[in-house]
Amino acid sequence: MAAAAETVSVTNSVDAAAQVYISGYESSPAVFYPGESGTVTIHVTNAADTSVSVSQPALISPDFDIINSGSFHSVTNIGPGATTDYTFIVRADCKDGTYLPLFTVSPNTYGAKAINTQIKLRVDSTDIRASISAMPDSFAISKKDTVNVSISNPRSEGISNVLIVPETDGAEIFPKEVFVGTLDSKKSVQVPFSITPARGTNVTFHVTFHNGDNEHKTAVVLPVSIDKNKMGAEIVVNNIESTSSGMTTTLKGDVTNNGLTDAKSILVTVGDPARPVNPNPIYAVGNLEPDDFSSFEITYVAAGNKSVPLIVDYKDAEGNTFRETFSIAASDSMAIPGAGSLSSQSVTGSTMQRRGMFGSFGSGFGQIPVTEIVIILVAIALLVYAWRKGYLSSLRNRFRKDPLPGGKDEDDDEPVEK
């Protein structure tokens, strides 16, 4: 019962009962979802300077189920200027709309009239809205990006205890949850989350909130589509040269950053079936700005004629590690974009340069001077053909008959008559 307020002097009990009135009410929730339960609290105040007894409080409605309608059997004595509360548990068994249940309470005074009033209760099925308001066009593996989860409350009253919890099995998300708290009517909030995917996956943002004491849930799903990071570094390998000395092969070339951001802590080496060996098992390039390049030199031992994977590891500004693999085919001295990239979906390869009399050769069979051998064989074949046809003898005889410059024959020193 509330504290006493200012009172009105009365001379009899009927006049005292006439000073009892409905001073207010509230519902929780303020606006019901259809089928939702809550409470309606009605305040009854005695403005007389004497106590008044009342009984039989009731809330009557064809649209709301009054769950505790039979709970008020005792007589309530309301002191001078005091207020007493009657709380009804109700359930909105109705559709959207505004409803006017009737509250009544009777003074225990002969000749006094019952106290009646209508209260207003609202029902609205409009739900809150959860959406992804900001996100990148695509995600890259091990690359951290930020998305914004938007929570909007289009209802006519506020909601409370708003909590967002992301769920996925294919990405690292920070923070693990965000407590928004109260969200007023017609308001929205933007909540940022950082996502670092390990693969293509879905991220479900579970949103829970309270309408009164009732918990509600909704969710929004974010598809994480993996693509090449358009703004990241892009590694290109070219100018490949390979030479062998015994069992050891030396691989030289250039590594270029063809992307839009720095590639940091670049390391170049080879993978199985090759085995990196001294003096250069791993080559540390360091950092490359966009459009910058650096040379590298790797030494390794590889059995047989299998292709050799050239591995380039690097990091971005946030410390995420990326790997690109290029397949070096020993049999044809080609550098082919290889599979097995840990972090990049697009790998650029390059062609090894052969050199002989026109440049240097690659390793393995690439060291055989094919062009030179072909030229020599063609020359020999032409000489054999000319000899068989007698062209060589005919040419020799012609030189015997024709004078050499200086007026002498080829075979003697006598001057030739003119």
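Contact here means heavy atoms within 4.5 Å. The model is predicted, so local features need pLDDT of at least 70 and side-chain atom pairs count only at pLDDT 80 or more, while totals for chains, interfaces and linings use all residues. Residues are numbered from 1 along each chain as its sequence is written, and side-chain values use heavy atoms, with hydrogens and water left out.

Phe193 lies in strand 17 (residues 187-197); strands (E, at least two residues) are DSSP runs, numbered from the N terminus. Not counting residues up to four places away in sequence, Phe193 touches Asp145, Thr146, Val147, Val149, Ile164, Pro166, Ile173, Phe174, Pro175, Val178 and Phe205. Thr146 is 47 residues from Phe193 in sequence, with 5.6 Å between their C-alpha atoms.

His43 is found in strand 3 (residues 37-46). Its contacts beyond four places in sequence include Tyr21, Tyr25, Glu26 and Asp85. The side chains of His43 and Glu26 make a polar contact at 3.0 Å (a pair of N or O atoms within 3.5 Å; within protein, one able to donate a hydrogen and the other to accept it, and residues adjacent in sequence count only if both atoms are side-chain atoms).

Buried means under 20% relative accessible area (1.4 Å probe, protein chains only).

| Residue | Relative accessible area | Class |
|---|---|---|
| Phe193 | 1% | buried |
| His43 | 17% | buried |

An open sheet of four strands has the order 1-3-7-5, paired antiparallel; pairing requires at least two DSSP bridges. Strand 1 (20-28) and strand 5 (64-66) are at the edges with a single partner strand each, so one side of each lacks a neighbour in the sheet. Strand 5 is joined to strand 7 (residues 83-92) by three bridges, and Asp65 stands opposite Arg91 in strand 7.

Terms used: Buried means under 20% relative accessible area, exposed over 50%, partly exposed in between (1.4 Å probe, protein chains only).
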